[in-house]
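Dear colleague,

My notes on it follow directly after.

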Amino acid sequence: METLVVKNTVSLRISLTTECQFRCLYCTAGKDHVGDAPAQRLTVEEIVSFVRQVKGRFRIEKIHLTGGEPLLRSDIVELVRRLSRLGIGDIALTTNGERLVDRAEALRDAGLRRLNISLDSLETRMLARITRGGHLERIVAGIERAGALGLRPIKINTVVLRGVNDGELARLAEWSLGHGWVPRFLELMPIGPAKPLHGRLFVPVQEIMERLARTFTLNGPLPEAGLGSTRYYAAASPRAVGRIGFITPVTHPFCAGCNRLRLTEAGDLVSCLACGLGVNVRQWLAPEGKGRPDRFANLLDRVLKTKKGRGLFQTETPMMAVGG
Ligand code: SAM
Ligand code: SF4
């Protein structure tokens with residue numbers, strides 16, 4: 001923790017909603033998620049106020065907008081525009097892609113550069129089975145639209161699930177690389193509804209890489225700038241070349257050096273995905289917040305100090321509540 005305070009740099013992950021039109025089997029409990037009512041959600045104004053105040057205390061390395069499904073918010077474009085105007089150059093969005101085809105151009109024009117899109121299968125029926133609501137064609141059309149508009153990098157995130165999509169990894173990687181996108185494979189975390197499924201569905205990174213190595217030569221990990229959670233390997237197959245990322249919260253937690261602060265849709269400031277819910281900061285945010293930058297800065301420091309250094313991803317809280 002000391003390092004982060006010394007470096008004065010944080011990376012923000014802001015969850016814009018707990019709602020989602022999908023119910024991915026590892027993320028929600030398979031019923032309509034009951035989140036905070038929209039009235040309790042932070043407004044664009046409050047989120048901008050939060051970011052402005054964090055900016056007064058830390059250098060913001062990156063802002064990552066997530067959820068739930070962030071494209072369900074009708075004010076998402078306005079939010080990106082306002083954050084961009086604050087001088088936040090690195091704004092990323094994680095989405096399930098279902099509404100991307102209609103939103104990509106406005107988001108790019110508002111200042112969005114990077115996109116992370118979840119895609120667990122290239123099989124129509126398998127994708128529908130995993131997401132319980134997703135349409136492969138619509139998602140792919142959204143990714144292609146974003147690519148054609150020049151959004152870069154586009155990262156394609158796949159949670160690897162034993163006996164479900166683990167036979168498709170090389171195909172997913174070649175498909176992404178062939179379009180100039182970056183495939184990333186995630187280990188399943190035993191959180192929320194994924195906890196009881198973990199023993200059956202979890203695939204460790206070692207095995208993910210062994211599967212890919214049947215098609216690709218992999219060399220790495222590549223040296224990376226920053227404190228990211230992804231380790232990249234140079235990858236080449238007879239049909240595709242590029243880099244493949246691995247996110248390994250279970251076998252190689254990325255906690256050491258983590259500088260993330262998370263803000264939930266209801267205004268809870270959380271230091272770590274593994275720590276459950278945190279301190280509510282809504283009272284400090286404009287327009288009602290009285291703007292006590294000194295006290296807000298102390299609060300930020302206190303929350304950052306609650307980072308445990310090594311996450312035990314065993315919480316009952318699903319990703320969509322804290323922001324994935
Ligand atoms: N709805 C958006 C999406 O799916 O990209 C953003 C929110 S989602 C919670 C963010 C990421 O968390 C997705 O890539 C999803 O696959 C991942 N995720 C959710 N639950 C997970 C779990 N138990 N283990 C690993 N990744 C998980
Ligand atoms: Fe929705 Fe994303 Fe969770 Fe799937 S992973 S249910 S798309 S929030």
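This is a predicted model: local features need pLDDT of at least 70, side-chain atom pairs count only at pLDDT 80 or more; totals for chains, interfaces and linings use all residues.

In what follows, a residue is near a molecule or strand if one of its heavy atoms lies within 4 Å of it.

Residues are numbered from 1 along each chain as its sequence is written, chains are lettered from A and ligands numbered from 1 in the order in which they are written, and side-chain values use heavy atoms, with hydrogens and water left out.

Confidence and overall make-up

The average pLDDT of the protein chain (the predictor's confidence in each residue, from 0 to 100) is 88, and 85% of the residues score at least 70. Over residues 1-6 the pLDDT stays under 50, and the model has 10 contacts (heavy atoms within 4.5 Å) beyond four places in sequence for this segment. The secondary structure comprises 11 helices and 12 strands, taken as DSSP runs numbered from the N terminus (helices H or I, at least four residues; strands E, at least two). Of the 324 residues in the protein chain, 56% count as buried, where buried means under 20% relative accessible area, exposed over 50% and partly exposed in between (1.4 Å probe, protein chains only). Among contacts in the protein chain with a separation of 6 or more, 73% are between residues 24 or more positions apart.

Ligand 1

Ligand 1 is surrounded by 19 residues, the closest being Gly-68, Glu-69, Thr-94, Ser-118 and Met-189. Its shell divides into 9 nonpolar, 8 polar and 2 charged residues. A nitrogen atom of ligand 1 lies 2.9 Å from a backbone N or O atom of Met-189, and a nitrogen atom of ligand 1 is 3.0 Å from a polar backbone atom of Gly-68. An oxygen atom of ligand 1 is 3.2 Å from an N or O atom in the side chain of Tyr-26. Taken alone, ligand 1 exposes 540 Å², of which the protein buries 95% (Shrake-Rupley method with a 1.4 Å probe; for residues, only the protein chains shown count as cover).

His-64

His-64 belongs to strand β2, residues 59-66, and is buried at a relative accessible area of 4%. Its side chain makes a polar contact of 3.4 Å with the side chain of Asn-116; such a contact is a pair of N or O atoms within 3.5 Å, and within protein one must be able to donate a hydrogen and the other to accept it, while residues adjacent in sequence count only if both atoms are side-chain atoms. Beyond four places in sequence, the residues that His-64 touches include Leu-12, Ile-14, Ala-92 and Thr-94.

Backbone features

A cis peptide bond joins Arg-152 and Pro-153, with omega about -10°; Pro-153 sits in the loop between α6 (136-148) and β5 (154-159). A cis peptide bond also joins Gly-220 and Pro-221, with omega about 0°. Arg-132, although not a glycine, has a positive phi of about 50°. Arg-132 lies in the loop between α5 (124-131) and α6 and is partly exposed, at 32% relative accessibility.

Yours sincerely

How values were computed
Ala, Val, Leu, Ile, Met, Phe, Trp, Tyr, Cys and Pro count as nonpolar, Asp, Glu, Lys and Arg as charged, and the others, Gly among them, as polar.
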